Amino acid sequence: MYTINTFSISKLNNAEFTGFMINLQKAITTNDPTKLGLIEVLPNFGTTLQKLIDQVYTTTGSEYTAAMLETDLKRDQTYKRIRLRLQMVEVAEDSAAIKAVKDVVKTHLLAKYTSKVPQLPYQEESAILQGFIFDLNDKLGDDGIAALGITEDLQALEDANNEFIAAYNSRATERAEGDTGLTLKLRQEMYALYQQICFITQYLPHPTVP
């Protein structure tokens with residue numbers, strides 16, 4: 001008898017969960033649903049999946065989502081630009097002002113805030129950028145910031161990060177008010193159908209393989 005070892009899909013976010021179900025549907029339809037014993041469950045599976053797709057992917061079109069994407073890109077680019085300016089301490093040997101902040105930049109800024117910050121999850125990145133902005137002001141002061149030529153970019157980074165946080169919070173509120181539990185309900189229905197498919201596939205008699 002064939003067995004199916006199901007993995008936990010409860011930890012998948014809504015987009016990942018929906019994508020998994022889309023792939024499962026493709027796997028079934030590209031084979032023979034009748035021979036798989038799934039011809040009866042497939043219509044209900046497809047109908048429920050379409051509702052989930054509409055719910056998950058339609059809600060991503062919010063104006064707040066667009067603002068999040070725009071401000072996240074802006075803060076990422078500004079962070080990278082500032083970090084490149086910080087790296088100039090390695091080669092700016094003739095500048096006394098830059099040499100004065102060289103050790104602080106290398107030890108407390110470049111080592112702590114790496115190039116991977118823009119790749120972090122939204123909320124984690126927001127918090128780290130707030131710490132980065134604080135440390136730049138605290139450890140470099142106005143003179144050091146001016147010497148590195150990052151005064152305008154530092155303000156731009158703070159503005160972009162604040163704008164992102166505001167858009168993120170507005171989006172979270174919008175989702176909470178508009179969802180009313182529909183996404184969770186559809187996920188539960190899809191999971192029940194998924195379990196049914198697993199059960200049918202597992203216990204369907206298969207020909208003996210020589």
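**View 1. The largest nonpolar core of this predicted model contains 22 residues.** Such a core is a set of buried Ala, Val, Leu, Ile, Met, Phe, Trp, Tyr and Cys residues joined through side-chain atoms within 4.5 Å; buried denotes under 20% relative accessible area (1.4 Å probe, protein chains only). Leu 86, Val 105, Phe 132, Leu 136, Leu 140, Leu 148 and Ile 150 have the most contacts inside the core. At least two core residues come from each of α3, α4 (96-110), α5 (122-148) and α6, with α5 giving the largest share, seven residues. Helices are DSSP runs (H or I, at least four residues), numbered from the N terminus.

**View 2. Leu 86 and its contacts (heavy atoms within 4.5 Å).** Beyond neighbours within four places in sequence, Leu 86 is in contact with residues including Val 105, Leu 109, Leu 110 and Phe 132.

**View 3. Asp 72 lies in helix α3 (residues 63-87).** Asp 72 is classed as buried because its relative accessibility is 11%. With residues up to four places away in sequence not counted, Asp 72 touches Tyr 122, Glu 125 and Phe 164.

**View 4. Asp 153 belongs to helix α6 (residues 151-179).** The relative accessibility of Asp 153 is 17%, so this residue counts as buried. Its side chain forms a polar contact of 3.0 Å with that of Arg 81; a polar contact is a pair of N or O atoms within 3.5 Å, and within protein one must be able to donate a hydrogen and the other to accept it, while residues adjacent in sequence count only if both atoms are side-chain atoms.

**Notes.** Residues are numbered from 1 along each chain as its sequence is written, and side-chain values use heavy atoms, without hydrogens and water. In this predicted model, local features need pLDDT of at least 70 and side-chain atom pairs count only at pLDDT 80 or more, whereas totals for chains, interfaces and linings use all residues.

Key:
Buried means under 20% relative accessible area, exposed over 50%, partly exposed in between (1.4 Å probe, protein chains only).
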